[in-house]
Amino acid sequence: FPISTYNKIWTNTQKDLDTHLQAEKEQFLQPEKDRVKAFRMVAASYIKYMQIFRNLEEAHDHLIHQQKRATIRQVLDGVMGRLLEMKKEMVGLEISEFHYISNILEDLKLLPEDIEIPIPRYFIKENLEALQQRGKTLDEILLEAGLQIEEPVKAVPFEEAIKLIQVAERARQGRHRALFMKQMYLNEKKKRHTKLQVQTGPDPDDAATCIQKVWRGYIQHKKTEKMREEEMIFLGMRLPPHLEALHRASQLHVGQEDVPGGEERHEEEFIKDKLRETEGLDIRETLQDQIGECFMECRHIIGRFPDYPPVEAGGSVAIFSDKTPEQIAAELAAKREMAMQEKSQKDKKGKEKGKEKEKEKKTQKTGSKEEDEGWKMAPSNFIPIIEEGNSQYKVIWQNRDEGRDFLQDHDPELIKEEKRKEVEEEIRVQVDELMQQKLENLKLAVDGEKSGKKKKGRKSEKVRAANLMSLVHRTIDSLYRELVEEGVLIKAKAVNLSDYVGEYSYLGTTLHQAGVEPMPSLADVRQLVTLYGILPLGSQTVHEKAPLVKALLLAGPTGVGKKMLVHAICTETGANLFNLSASNIAGKYPGKNGVLMLLHMVLKVARQLQPSVVWIGDTEKTFYKTVPKAEERVSPKRLEKMLPKFLKALKAPDRVLLVGTSDRPFDANIKPFCKVYQKIILIPRPDYASRFGKYFNQVLWRHIILQHGGEISDLLSISCLAKLSDGFTQGRIVRAVHTVLSELRLLQMARRPLRTAEFVTSLATQEPVYNQEEETFK
């Protein structure tokens with residue numbers, strides 16, 4: 001599609017977002033007593049945000065204009081965070097991670113695929129070079145350590161190699177013979193033509209024909225050029241003639257001032273250098289004059305020169321505010337009064353205690369009243385971000401004339417505004433150093449004061465603290481190498497979340513309304529993994545301000561794809577994968593100090609090279625009530641006491657996620673187990689819709705058979721297989737298909753098509769998920 005299409009998508013989406021923000025403010029203004037009605041309101045708003053999210057992601061991925069992408073990115077991060085906030089409210093209202101909203105989709109006339117959460121492609125695109133370099137480094141370390149064998153080059157079979165050589169040789173001979181015959185034909189034609197010219201001279205008819213041919217070719221060429229130009233203008237891929245001259249002139253002007261090559265980074269550096277040369281002196285003088293005036297005004301009001309703000313407070317930025325000297329004086333007087341009041345209040349402690357008790361009683365009463373009032377939407381951290389991006393769109397892009405911006409890659413004037421701020425910050429740092437020295441000289445000359453030694457003492461204390469915190473002498477590269485060599489940092493398999501095939505549950509709402517709690521579908525699992533795992537790890541803004549999820553548990557029977565989902569999280573976000581399973585760290589880093597050292601190394605590397613995923617397979621073993629005798633040598637409970645401390649050390653800026661997988665979570669000690677894992681996602685066996693459903697064209701049986709090289713024929717009944725495989729997990733189905741489709745069977749495919757009975761026989765040898773085990777998981 002042309003760029004204008006995605007500009008329209010962005011424009012329409014911004015209008016929808018603006019309308020929805022206004023409606024949301026009015027809708028969630030009053031508390032709602034009916035929890036069912038409140039859930040419907042939140043779910044409808046969640047679906048609307050989902051549609052906005054999908055459109056914004058599409059526009060952001062296809063537009064190449066850097067400033068537009070930056071504006072969309074801000075709104076996109078805000079909408080992602082708002083989705084997570086809405087999800088938290090929905091979970092609180094229904095006390096469940098899984099929701100069934102088919103009736104709301106039906107009212108909005110939407111399909112289940114419309115609420116499938118897209119994964120923003122900028123997660124990988126913006127860090128592609130770093131991820132590729134990291135992958136190469138990881139492969140090199142694994143090869144050197146002997147943990148990975150270099151993949152051999154696939155050799156062509158002998159018969160196919162002979163056929164390829166024969167085809168190439170015959171083609172070469174054919175081209176050579178064709179060239180030889182063409183040369184012979186041209187030579188004979190030339191001889192005949194020279195004989196006719198010698199005998200009779202040039203023929204007038206031939207001359208007229210030649211002239212006509214040239215003229216008609218010229219006319220048709222002009223017509224074709226004109227038609228092509230009109231088509232390009234119609235498609236929006238070329239400017240009209242009256243605008244093209246202006247565009248060329250502007251491009252020529254930019255080309256004279258610009259760095260050769262036309263790359264945006266070079267242009268940004270060039271513009272920054274140009275601004276530093278042309279406006280740097282003016283900015284420096286203006287800042288010095290303003291800071292000097294502030295010093296003189298403060299001395300006139302207070303009677304002495306003020307202390308220069310430290311770097312931690314922003315330096316001279318803290319000086320500039322919208323307050324007048326009179327307001328500053330009033331604030332100082334108010335502070336003095338507050339100090340006097342504090343002294344007088346020390347004598348009235350008994351009265352204050354009585355007042356505090358009365359206040360507590362009042363708050364308890366008001367708290368009960370608030371509970372009676374009903375549910376109310378919690379304040380949002382992301383609506384201000386969305387509104388800021390929305391206002392930026394309205395101010396800069398909504399009514400902008402882009403007729404001359406044919407390339408749609410960047411706007412030099414907007415780059416100037418951004419770079420001017422950077423130049424001001426750089427000059428401000430230099431001015432701060434100069435003016436701080438000037439202030440000390442003024443104090444010495446006028447007031448006879450010297451710079452206080454307390455500040456120096458504080459600075460030295462901070463430096464000492466920083467030195468104590470950085471006593472670890474080892475580099476990240478050495479720690480990274482050691483973890484790879486020890487098998488703790490492993491290579492994630494290249495698996496996308498879309499490869500986790502599964503359908504939406506169409507009967508979920510009906511069963512839920514009938515009072516029966518339905519089993520979640522695989523589409524619901526995919527959605528939760530995206531919300532709690534992929535989106536926060538991919539976006540720094542979302543991870544810092546959204547409801548923080550540090551640990552995630554994937555629980556389900558053997559073969560439902562828990563490990564696949566862990567690898568999919570790493571693939572979609574470009575995250576490192578640390579394997580802290582009990583079986584993997586057995587015998588490594590022995591003792592309590594060894595475990596502390598291991599977790600310290602993992603935490604340091606994971607933070608430095610974020611995003612990162614720390615995976616604990618069979619995590620119920622870490623929280624065993626009693627360790628079986630067969631597993632005592634492995635010592636599976638090594639990490640039980642350390643994991644809460646590990647999670648406590650993770651802060652909001654750290655994009656590190658702890659993911660546990662378990663096929664027997666009921667064997668764990670529940671209290672410490674549920675304290676570590678905030679979110680527990682139950683992954684069930686696939687239902688009939690996932691095994692056979694054709695709505696999303698994600699048929700499990702068909703997908704696996706084609707993936708293993710099989711062919712679907714009329715003799716193979718997919719519906720029969722989907723019905724008979726009720727109770728079997730995806731892993732068991734994959735094993736059954738792999739057993740049938742051996743190399744010999746694939747060679748016989750042409751003369752002996754696949755039959756249903758072959759897979760049924762193989763499936764009968766696999767172990768299903770029994771009803772008792774499924775109820776235990778519930």
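**Figure 1. His543 in helix α19 of the predicted model.** In this predicted model, His543 is found in helix α19, which covers residues 540-545. The relative accessible area of His543 is 5%, so this residue counts as buried, the limit being under 20%. Arg655 stands 112 residues from His543 in sequence, yet the C-alpha atoms of His543 and Arg655 are 6.7 Å apart in space.

Figure 2. Met50 is found in helix α2, and with a relative accessibility of 0% Met50 counts as buried. Along the chain, Met50 and Asp114 are 64 residues apart, whereas their C-alpha atoms are separated by 8.0 Å.

**Figure 3. The salt bridge between Asp18 and Lys394.** The count of salt bridges in the model comes to 25, and one of them is formed where the side chains of Asp18 and Lys394 meet, with an N to O distance of 2.9 Å. Lys394 is partly exposed, and its relative accessible area is 36%.

**Figure 4. The salt bridge between Asp61 and Arg121.** The side chains of Asp61 and Arg121 meet in a salt bridge, at 3.4 Å from N to O. Asp61 lies in helix α2 (residues 35-62), while Arg121 lies in the loop between α4 (102-108) and α5 (122-125), so the pair ties together parts of the chain that are 60 residues apart in sequence. The two partners can also be described by their accessibility: Asp61, at 15% relative accessibility, counts as buried, whereas Arg121, at 38%, counts as partly exposed.

Figure 5. Arg82 and Glu85 meet through their side chains in a salt bridge with an N to O distance of 2.8 Å. Both residues lie in helix α3, where they are 3 residues apart, or about one turn of the helix, and both Arg82 and Glu85 are buried. Elsewhere in the view, salt bridges that share partners join Glu57, Asp61, Arg121 and Lys125 into one network.

**Figure 6. The largest cavity and the residues that line it.** A search of the whole structure finds 4 cavities of 30 Å³ or more, and the largest cavity holds about 200 Å³ of space. Its lining is made by 17 residues, of which His99, Ile115, Tyr504, Asp524 and Gln527 are the closest to the centre of the cavity. The elements that give two or more residues to this lining are α3 (66-94) and α18 (522-538), and α18 gives the most, with 4 residues. By residue class, the lining of the largest cavity divides into 11 nonpolar, 2 polar and 4 charged residues.

**Figure 7. A nonpolar surface patch that includes Met184.** Phe180, Met181 and Met184 make a nonpolar surface patch of about 290 Å². Met184 has its place in helix α7, which covers residues 158-200.

**Figure 8. The cis peptide bond between Gln610 and Pro611.** Most peptide bonds are trans. Here, however, a cis peptide bond joins Gln610 and Pro611, with omega at about 5 degrees. Pro611 is found in the loop between α21 (591-608) and β4 (612-617).

**Figure 9. Asp618 and Ser635, two residues with a positive phi.** Most residues other than glycine have a negative phi. Asp618 has a phi near 50 degrees, a positive value in a residue other than glycine, and the phi of Ser635 is likewise positive and near 50 degrees. Asp618 is found in the loop between β4 and α22 (642-649), and Ser635 also lies in the loop between β4 and α22. Asp618 counts as partly exposed at 32% relative accessibility, and Ser635, at 32%, counts as partly exposed as well.

Notes:
Residues are numbered from 1 along each chain as its sequence is written. This is a predicted model: local features need pLDDT of at least 70, side-chain atom pairs count only at pLDDT 80 or more; totals for chains, interfaces and linings use all residues. Side-chain values use heavy atoms; hydrogens and water are left out. Patches are made of residues with over 30% relative accessible area and no salt bridge: like charges are joined within 9 Å, nonpolar side chains (Val, Leu, Ile, Met, Phe, Trp, Tyr) within 5 Å. Accessible areas come from the Shrake-Rupley method with a 1.4 Å probe; for residues, only the protein chains shown count as cover. A salt bridge is a side-chain nitrogen of Lys or Arg within 4 Å of a carboxyl oxygen of Asp or Glu. On a 1 Å grid over the protein atoms alone, a cavity is a set of points where a 1.4 Å probe fits but cannot get out, and a pocket is an open set with protein on both sides within 12 Å along at least five of seven lines; lining residues have an atom within 4 Å of a point. Grid points are joined across faces, edges and corners, and a volume is the space filled by probe spheres set on the points. Ala, Val, Leu, Ile, Met, Phe, Trp, Tyr, Cys and Pro count as nonpolar, Asp, Glu, Lys and Arg as charged, and the others, Gly among them, as polar. Buried means under 20% relative accessible area, exposed over 50%, partly exposed in between (1.4 Å probe, protein chains only).
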